[in-house]
Amino acid sequence: MVSDETGTLYLHPDRNLALELVRATEAAAIRSAPFIGHGDKNGADGAAVDAMRKFLGTVNFRGTVVIGEGEKDQAPMLYNGEVVGNGQGPECDIAVDPIDGTSLTAAGRRNAISMIAAADRGAMLDASTVFYMEKLVAGPEGVGVVDIRQPIGENIRAIAKAKGKDVSEISVGILDRPRHDDLIRQIRDAGAGTRLLLDGDVAGGIDAASYSGRLDLCYGIGGSPEGVATACAIKALGGLIQTRLAPKDDDERQRGLDAGLRFDHVYEADELVKGDNTFFVATGVTDGNLVAGVQRKGPIIRTESIVLRARSGTIRRISAEHLVEKWLGEEQLAGI
């Protein structure tokens, strides 16, 4: 519990926290923009990490990175366990990904975003010992209708009925990976269409849970950290997320058991992130279905962000214009 100079006590993140955090995702997106399409994913990620870390240092909170760039000895910035913020205000768990889609950024492909999720301290599941989890995400129509324990064909038929659609109109987002070859075949055999995601299943999950989204379901095996971050967004959208841990081998499974994780168990939203005081913020790096990417218009840089808050069920879209001269050095101006 922290007191500011007026004596006000902060027990939880307040309603303005997400609007402060969006400055950090905007900064990360803008700094990574000169790397779009230049094949240097490490350069893009490094620029985004540096910018996000600097801006997080100005935010009125004490945030502990639960999901970051890795362990301290492997990631000098935004590592798991790092404390960020100016130390004033609420104590929070945060999940950060300066660029969700570094390969997309390097190749100049769609759907790369910079994102931060936040919740009360101790609220986020620490699944860092098991890198992958199976995830099923749907919008409000899917609550009580689809279930990760059912075959994908049954879930497709169930969501089609709930939405009043023909099965042939259902679109399922899934990462384009060899591990999903059989699952992709099952989706198509059921009569639905696939939207293969090159990277970035956080954006895919949010798209599937949104009323204005193009996906009806998002399914498949992806990163566990991304699953926890996605849950923060899904809570604001009133949708459904279910996950099951997917260890790569027996050693990883044992590390998960030692950390208190449960296998053959379905983790739902309230287990991934406790409570309803969650925030999710994302800014587009490249154009995508969720948000537009960074654009240079003469002396202006345009960004688009989405801000979600579970407690109020609020979805905000923020379009911002930034003066180029305030952000980039002369050697970088031609990169956007």
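This is a predicted model: local features need pLDDT of at least 70, side-chain atom pairs count only at pLDDT 80 or more; totals for chains, interfaces and linings use all residues.
View 1. A search through the whole structure turns up 1 aromatic pair. Its members are Phe131 and Tyr132, edge-to-face, with 4.8 Å from centre to centre and 90° between the planes. Tyr132 has 24% relative accessibility, so it counts as partly exposed. Phe131, at 42%, counts as partly exposed too.

**View 2. Helix α7 is largely enclosed by the rest of the structure.** This helix covers residues 224–237, and its 14 residues reach 20 Å from first C-alpha to last, close to the 20 Å expected. Of those 14 residues, 13 are buried, which is why we call α7 largely enclosed. Just after the helix comes Gly238, with a positive phi of about 75°.

**View 3. Strand β15 and its antiparallel partners β13 and β14.** β15 (residues 300–309) has 8 of its 10 residues buried, so the rest of the structure largely encloses it. Strand β13 joins it through 5 bridges, and Phe280 has Leu308 as its bridge partner. β14 pairs with β15 over 3 bridges, with Gln295 opposite Arg302. These two make a hairpin with 2 residues between them, and Gly298 in the turn has a positive phi of about 60°.

**View 4. β15 meets β16 in another hairpin.** Here 10 bridges join the antiparallel strands. Arg302 turns up again, this time with Glu321 in β16 as its bridge partner. There are 4 residues between the strands, and Gly313 takes a positive phi near 65°.

Note on methods. Residues are numbered from 1 along each chain as its sequence is written. Side-chain values use heavy atoms; hydrogens and water are left out. Rings of Phe, Tyr and Trp (its six-membered ring) pair if their centres lie within 6.5 Å; planes under 30 degrees apart count as stacked, over 60 as edge-to-face and the rest as tilted. Buried means under 20% relative accessible area, exposed over 50%, partly exposed in between (1.4 Å probe, protein chains only). The expected span of a helix is 1.5 Å times one less than its number of residues. Two strands pair if DSSP finds at least two bridges between them.
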